[in-house]
Amino acid sequence: MKAACWFGVGDVRVEDVPDPVLLNPRDAIVKVTLSAICGSDLHLYNGYIPTMAEGDILGHEFMGEVVEKGEGVRNLQIGDRVVVPFTIACGACFFCKRGLVSLCDNSNPNAWMAEKLYGYSGSGLFGYSHMMGGYAGGQAQYVRVPFADVGPVKVPAGLTDEQVLFLSDIFPTGYMAAENCGIQDGDVIAVWGCGPVGLMAIRSAFLLGASRVIAIDEVAPRLEAARRIGAETIDFGTEEPSVVERLHQLTYGLGPDACIDAVGLEAHGHSLIAAYDRVKQALRLTTDRPLALRQAIQACRKGGTVSVPGVYGGFIDKAPVGAFFSKGLTLKGGQTHVHRYLAPLLSRIERGEVDPSFVISHRIGIDEVPEAYATFERKADDAIKYVLRP
Amino acid sequence: MATAALRRNDTQPLTNIGDVERVGSVALGMVFVMAGLRRHSLAGRTAAAVGSALVARGVTGRCPVSARLARRLESYRRPVRVVEAMQVSVPPAEAYRAWRDLERLPRFMKHITSVTTVDGTSHWTAQFSGLPPVEWDAEIVRDVPGEVLSWRSRNDDQPLENSGSVTFFDLGPRGTGLRVEIGYYPPAGPLGQAVARLFSPVTERQVREDVRRFKSLLEAGEIPTTAGQPSGAARQGERGR
Ligand SMILES: NC(=O)c1ccc[n+]([C@@H]2O[C@H](COP(=O)([O-])OP(=O)(O)OC[C@H]3O[C@@H](n4cnc5c(N)ncnc54)[C@H](O)[C@@H]3O)[C@@H](O)[C@H]2O)c1
Ligand SMILES: [Zn+2]
Ligand SMILES: [Zn+2]
């Protein structure tokens, strides 16, 4: 089969590789009908997530048709159309039983690697480094799906692939980010980053009762996309004064009730502190550039919540922990517990409350994937979200 | 010291291990290097690194570990002790039954290739990468169903003198708290001791991985793996483990 493989920083190639086979009783093989490239993949592309190896198959947002299944998978039939969560979870451990599937104890065969870095390991993920399991991913024609009896969700015939694909990651991710804000009617939510995750967070914040959402980015078509779904916007690239000051003004001095960092470890900026982050990261003195996270902590109103769907991998510098403490903030983050959002969000899509396909900007075939990474990385060609039919 | 040790001055010997041991160190080091290089995994790389340290130690005749250990360890043998603790979401009775099923332990104990039981005694075969298989007999010392199981190798002329215990704590709705203790006596002499100490972090990880596989089998019914999946690398298959 054909698969998009990682070969190094800025080096993604489409290779002919063997088809996947069943390895465990609870596995299924899915023939991919639609897949996507995620902002998280850019962290791999740019080399910020350790333990990638040459030839690793990328991709964690995909759906398709069940073509083979192990004896442990009784709830699915050959031919079923399913969306697959990017988090791999056993459904039976302490964490899975509490719905914390991205913290599953039994799905990462390389848990010891993550334990070295983080003390404990999260769940395995598709196509996201060896420390997260080393599982071959979904930017490919076929994928082996472990624990297929608890992950994949069947899709009703009336919905298109594009409407449901993002149940695999970014819709639940944006939704969980908003849910973590504990939104009460009338709340004002600030969202850093108007990429697909930020856009889903904006949409979800409104669904959960926010009265206003203020979105921050510097890429014009993304700010425009945010405005189209009802957000007010701040362009941090051109507008004066600072983002924190603007948020202060826009909320009449109260500050946003909750702040969502949908940017993660590769934040951009034009200030002195941004340059400082860049230099330190380039010199490998620090791993992550927490510009958005710092601003979120600084801007948040007293007693508010900072919700972090943006990915961080290592250590951050100059974290305003004094502000966090003095203002009595709540900090929440993590990989999304995708499984627990599948049923409720699928029914929101079925009821017509949301159509997540609004983020799609490009539709490509698998051979165009390497070029798509390069364009997406530069945020060129008005790129917001690439989907691919392999 | 048995060697005509080179001396930088009268008080500082440049070598602190004997000739026989130096040869042994080089030989053993080579075994680890070769075994390590054959495996494209972290364990393999670790073995190779330890191996090259042993070779260097033999060639130079200086061992930073021996220098410290020799004083403390030459006179007596201490077991290497590894303790692992893990929560398992099944009741203690079930966890106990699974561990008591000795012949099926190789399902999750990576280096144990077989266990056979004949009235009260069990015969174990283990295979560590790149080394010849090791065999020994063991007997159960304590057996309280649902609570504790402990064992030791039968007599001390066995190649791998060892003992161990598993305690099953009742955590109520959280299932079982497992506490696994493994002790083994490394081969006698400072070299054996040094190797054992060098390897004890590796041993700790092996024990943890065994216990983790046990947990996965009980909770998920299978052990997670990627061995055999496709990759775009020229060398097919999974690195890692
Ligand atoms: N928690 C999870 O489970 C999960 C799931 C999916 C994605 N993510 C993470 O979410 C983040 C966003 O993903 P995406 O697909 O939207 O990525 P993306 O790269 O398309 O979007 C990131 C956006 O942030 C903007 N940005 C950069 N610096 C900024 C700053 N200082 N202030 C405001 N905006 C800034 C960029 O211009 C860009 O539009 C990534 O870190 C990704 O890894 C997390
Ligand atoms: Zn994603
Ligand atoms: Zn689990």
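Are A:Phe126 and A:Tyr135 buried or exposed? Both A:Phe126 and A:Tyr135 are buried, where buried means under 20% relative accessible area, exposed over 50% and partly exposed in between, with a 1.4 Å probe and protein chains only. This is a predicted model, in which local features need pLDDT of at least 70 and side-chain atom pairs count only at pLDDT 80 or more, while totals for chains, interfaces and linings use all residues. Residues are numbered from 1 along each chain as its sequence is written, chains are lettered from A and ligands numbered from 1 in the order in which they are written, and side-chain values use heavy atoms, with hydrogens and water left out.

**Aromatic rings**

- Over all chains, the structure holds 12 aromatic pairs; rings of Phe, Tyr and Trp (its six-membered ring) pair if their centres lie within 6.5 Å, and planes under 30 degrees apart count as stacked, over 60 as edge-to-face and the rest as tilted.
- One of them is the tilted pair of A:Phe126 and A:Tyr135, with 6.5 Å centre to centre and 55 degrees between the planes.
- Ring pairs also bring A:Phe62 into a cluster with A:Phe126 and A:Tyr135.

**The zinc site**

- A:Cys38 (SG), A:His60 (NE2), A:Glu61 (OE) and A:Asp169 (OD) coordinate the zinc ion (ligand 2) at 1.9 to 2.3 Å; donors are N, O and S atoms within 2.8 Å of the metal (3.2 Å for Na, K and Ca), and water is not among the atoms, so sites may look incomplete.
- A:His60 lies in the loop between β4 (56-57) and β5 (61-69) of chain A, and A:Asp169 in the loop between α4 (161-164) and α5 (170-179), so the pair ties together parts that are 109 residues apart in sequence.
- A:His60 counts as buried at 3% relative accessibility, and A:Asp169 counts as buried at 4%.

**A sheet in chain A**

- Three strands form an open, antiparallel sheet in the order β2-β1-β4; two strands pair if DSSP finds at least two bridges between them.
- β2 (11-16) and β4 stand at the edges with a single partner strand each, so one side of each is left without a neighbour in the sheet.
- Strand β1 (residues 2-8) is joined to β2(A) by six bridges, and A:Ala3 has A:Glu15 as its bridge partner in β2(A).

Technical notes. Helices (H or I, at least four residues) and strands (E, at least two) are DSSP runs, numbered from the N terminus.
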